[in-house]
Amino acid sequence: MKILLASSEVFPFSKTGGLADMVAALARALADAGHEARVVTPLYRGIREKFPAIKRVDWQFHLPMGDHYADGGLWELDVASGLKIYFVEQPDYFNRAGIYQENNCSYPDNDERYIFLSKCVVHLARYLTWKPEVVHVHDWQVGLVPALILQQKNEGWGNPTPTCLTIHNLAYQGVFPEEAFALTNLPPSFFNPEGAEFFGLLNCLKAGIAYTDTITTVSPRYAREITTEEFGCGLDGVLRRRAQNLTGILNGVDYSEWNTTKNPHLFKPYSVSRLAGKNAGKAELQKLLGLPVNKSTPLFGTISRLAEQKGVDIQLGALAEMLNADMQFCLLGSGAPEFENGYRELAKRFPDKVAVRFGYDEKLAHRIEAGCDFFLMPSRFEPCGLNQMYSLRYGTIPIVRATGGLDDSVADFFEVRHQATGIKFYEYSARALAKAIRKALAIYQEPKLISQYRQAGMKADYSWEASVAKYLNVYEKLLEKQ
Ligand code: ADP
Ligand code: GLC
């Protein structure tokens, strides 16, 4: 099958979160399964320098953006057999210091930047000699693609290519003032409450939900959650209407990236049968972070965007309560300044127990995953979450709130007893999280139990094979409908 994917970020070229990991891994898994996957993404600053094998393609975009035109170029990279990445070059839009924002302030023209990207995707789908059978778009940044493709049919361009939209996070919808709609050059009929309009504003994700042929999201539980008012972010009604076409597919893990045996980021390799390297990694991590090097003190870690979603408030509350116990905590994160300050304060209060690092650091992320005993993910909501699955493979026991993909990917003692892989808590409160941490401290005193959890977690298999089969099933159904 030929699948054209589109995403505003793709690892290792650009990344702000799990979206980049997921799209890269899905595309690779499709190629590994013998299909042809091509991914369209922006050429952000620095990509060409970092990946000199990227080649210019003889291709010019000259696309209407409201009452003017925008031009762009195209670059490509063959990543593996069956897998090509297309980079859309538009220096005004994409050659910037950040991806979506600078100094915690979103770029004011994100509507224009991503409407342009969406138009380039549609243009490629139409004019490439390589004809995609499915166009698979991810999140709001390319949410307008299905509407733009449908419009081609209205303009007499024949049957439109079937589209699939994956929602990675319903909380980000790409909402802009009504005037932004003019940049799409779509007829006004698309701007209605059944379509792209959301209370008088343009909503790019809603447009995707309304006009795409099929919708997926990144875990079965999140698929159920988003049709409820509590998790629907105002779009639960629209999603309920499309419930027949909504499938939850758990993300997989790219174990060629996230593994403990052949990983250039780690101090020492280790495996389920040889855990000495994990202990050494813990000591090295404690040293690196300036924490007392102590094997018997349980080390908790978190790697996260510091956003409302991630449960920062209850984490700060629970840690303040629990850090009088014999434990250490480290954080790697970046995001809202008030949340960063919260962790800074915590580190000041418990200087020999808490280490915090702000910014984006791939290497440190792997080292924290490997060196910690427990990984904390107390999310308010979590569409899938990848770090808990990375933790499982790294023998680091995840402590998660039972929501979205966290609930789907971690098994608690009360669910499976001897096959438990992590600790779950349910109520969104500092108290409930503190109780879960207390449970972890108790487990830590029982080497046999710890080893049972680790074994079960490290053996759990979240490779892409199973998930890719489910995506292929979704694509095949689309083609049958044609
Ligand atoms: P989300 O996409 O909501 O941020 P996920 O758990 O799906 O959450 O994915 C987060 C990804 O981003 C993981 O690969 C994680 O390791 C990475 N990540 C988050 N913050 C940082 C950071 N400060 N430095 C390095 N990697 C980070
Ligand atoms: C989003 C979600 C996260 C998910 C990721 C990849 O960023 O917040 O839960 O794992 O997308 O699908």
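1. Basis. This is a predicted model in which local features need pLDDT of at least 70 and side-chain atom pairs count only at pLDDT 80 or more, while totals for chains, interfaces and linings use all residues. Residues are numbered from 1 along each chain as its sequence is written, chains are lettered from A and ligands numbered from 1 in the order in which they are written, and side-chain values use heavy atoms, with hydrogens and water left out.

2. Helix 11. Helices are DSSP runs of H or I with at least four residues, strands are E runs of at least two, and both are numbered from the N terminus.

3. F339, E340, G342, Y343, L346 and A347 are its buried residues. They lie on the same side of helix 11, because they cover an arc of only 155° around the axis; the arc is that of the directions from the axis to the C-beta atoms. The face turned away from the buried side carries the exposed residues E338, K348 and R349. Buried means under 20% relative accessible area, exposed over 50%, and partly exposed in between, with a 1.4 Å probe and protein chains only. The cover over the buried residues includes strand 15 (299-306), helix 10 (312-322), strand 16 (328-335) and strand 17 (354-358), where contact means heavy atoms within 4.5 Å.

4. Ligand 2. Among the 13 residues around ligand 2, those that come nearest are H168, N251, E382, C384 and G385; a residue counts here if one of its heavy atoms lies within 4 Å. An oxygen atom of ligand 2 is 2.5 Å from an N or O atom in the side chain of E382. For N251, a polar side-chain atom lies 2.8 Å from a ligand 2 oxygen, and for Q309 the corresponding separation is 3.1 Å. The protein covers 93% of the 310 Å² of accessible area that ligand 2 has on its own, by the Shrake-Rupley method with a 1.4 Å probe.

5. Q152. This residue belongs to helix 5 (residues 145-154) and counts as buried because its relative accessibility is 14%. Leaving aside residues up to four places away in sequence, Q152 touches V122, R126 and W157.

How values were computed: Polar contact = N/O pair within 3.5 Å; in protein donor to acceptor, adjacent residues only side chain to side chain.
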